Amino acid sequence: DMTRANELVKRAREFNPDVRTTLTDVLAKVCAQALMRHRDVNVQYAEDALLRFPTANVGIAVTAPQGLVVPVLRSVERLSLAEVSAARADAVGRARDNKLTTQDFEGGTFTISNLGMFGVEQFVAVINPPQAAILATGAAVETPVAVNGAVEIRPMMSMTLTVDHRAVDGAEGADFIRTVKTFVE
């Protein structure tokens, strides 16, 4: 249920009109916080080792003229929502201007792919190696749902987590996505 997340985006835009906060920014922040609680998801799979990371470096899938690119926002769990918004806007802008550097792609520990702006409601994203997990998010769709015994129309969004089971146990992945859902709602 994206009701509260939408309200947060609206308030953030009113509070700081110089930085355009998006749902992707909220999702990046929420996922980073969830990764700090579920450190077994914040990993990379290597042939001879499972690499664990102390920070959440979140990749954001971006459609750019040169194709799909995934610039990385570093230590997102330590950033305010406004700082996440500014970092994402900078990365997306440079991606679309084909001005990203090799360093912009390095060190990602998790990726978010959001196709909601294309009207896609649900999809399964392919993991961005060597990462072990990616979150696919679709459009928030006005949907009738039961709330406290009454039917209300709420903006509902589908989220799909893809994990590499060599690195992330399915139950841990499920617990992670439950935490993301709880934080978003």
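# Questions on a predicted model

Student: Which residues does Glu172 touch, not counting residues up to four places away in sequence?

Tutor: The model discussed here is predicted. Glu172 lies in helix H5, and its C-alpha atom is separated by 22 Å from that of Ile60, 112 residues apart along the chain. Leaving out residues up to four places away in sequence, the residues that Glu172 touches are His38, Asp40 and Val41.

Student: Which residue in E7 is the bridge partner of Val58?

Tutor: Strand E3 (residues 58–60) pairs with strand E7 (residues 110–114) over 3 bridges, in the parallel sense. Within E7, the bridge partner of Val58 is Phe110.

Student: Why is H2 described as largely enclosed by the rest of the structure?

Tutor: A residue counts as buried when its relative accessible area is under 20%. In H2 the buried residues include Val26, Leu27, Val30 and Cys31. H2 is therefore largely enclosed by the rest of the structure, because the number of its 15 residues that are buried is 12.

Student: How far apart are the end C-alpha atoms of H2, and what span should its 15 residues have?

Tutor: The expected span of a helix is 1.5 Å times one less than its number of residues. For the 15 residues of H2 this gives 21 Å, which agrees with the separation of the end C-alpha atoms, also 21 Å.

Student: Which element supplies the largest share of the largest nonpolar core?

Tutor: This core has 42 residues, and Val58, Phe110 and Ile112 touch the most other members. Elements that each supply at least two residues include helix H1 (3–15), helix H3 (81–96) and helix H5 (170–184). The largest share, 9 residues, comes from H2.

Student: How many residues are in the other core, which lies apart from the largest one?

Tutor: Among the members of this other core are Ala125, Ile127, Ile134 and Ala136. One of these, Ile134, is touched by Phe110. The number of residues in this other core is 5.

Student: Is Thr137 buried or exposed?

Tutor: Thr137 is found in strand E8 (residues 133–137). Among the residues it touches are Leu27, Asn114, Phe123 and Met157. The relative accessibility of Thr137 is 0%, so Thr137 counts as buried.

Student: What distance does the polar contact between the side chains of Thr137 and Asn114 have?

Tutor: Two N or O atoms must lie within 3.5 Å to form a polar contact. The side chains of Thr137 and Asn114 are joined by such a contact, at 3.4 Å.

Student: What separates the C-alpha atoms of Phe123 and Ala136?

Tutor: Phe123 is found in the loop between E7 and E8, and at 16% relative accessibility it counts as buried. Residues touched by Phe123 include Ser113, Ala136 and Thr137. Phe123 and Ala136 are 13 residues apart along the chain, and their C-alpha atoms are separated by 6.5 Å.

Student: With which side chain does the side chain of Asp1 make a polar contact?

Tutor: Asp1 is placed in the segment before H1, and its relative accessibility of 18% means that it counts as buried. Pro155 and Val184 are among the residues that Asp1 touches. The side chain of Asp1 makes its polar contact, at 2.6 Å, with the side chain of Arg154.

Student: Which residue in the turn between E9 and E10 has a positive phi?

Tutor: Strand E9 (residues 141–147) and strand E10 (residues 150–156) are antiparallel and pair over 7 bridges, with Val145 opposite Glu152. These strands form a hairpin with 2 residues between them. The turn residue with a positive phi, of about 50°, is Asn148.

Notes
Residues numbered from 1 in each chain as written. Predicted model: local features only at pLDDT ≥ 70, side-chain atom pairs only at ≥ 80, totals over all residues. Heavy atoms only, no water. Helix = DSSP H or I, 4+ residues; strand = E, 2+ residues; numbered from the N terminus. Buried < 20%, exposed > 50% of the residue type's maximum accessible area, 1.4 Å probe, protein only. Polar contact = N/O pair within 3.5 Å; in protein donor to acceptor, adjacent residues only side chain to side chain. Contact = heavy atoms within 4.5 Å. Pairing = 2+ DSSP bridges. Core = buried A, V, L, I, M, F, W, Y, C linked by side-chain atoms within 4.5 Å.
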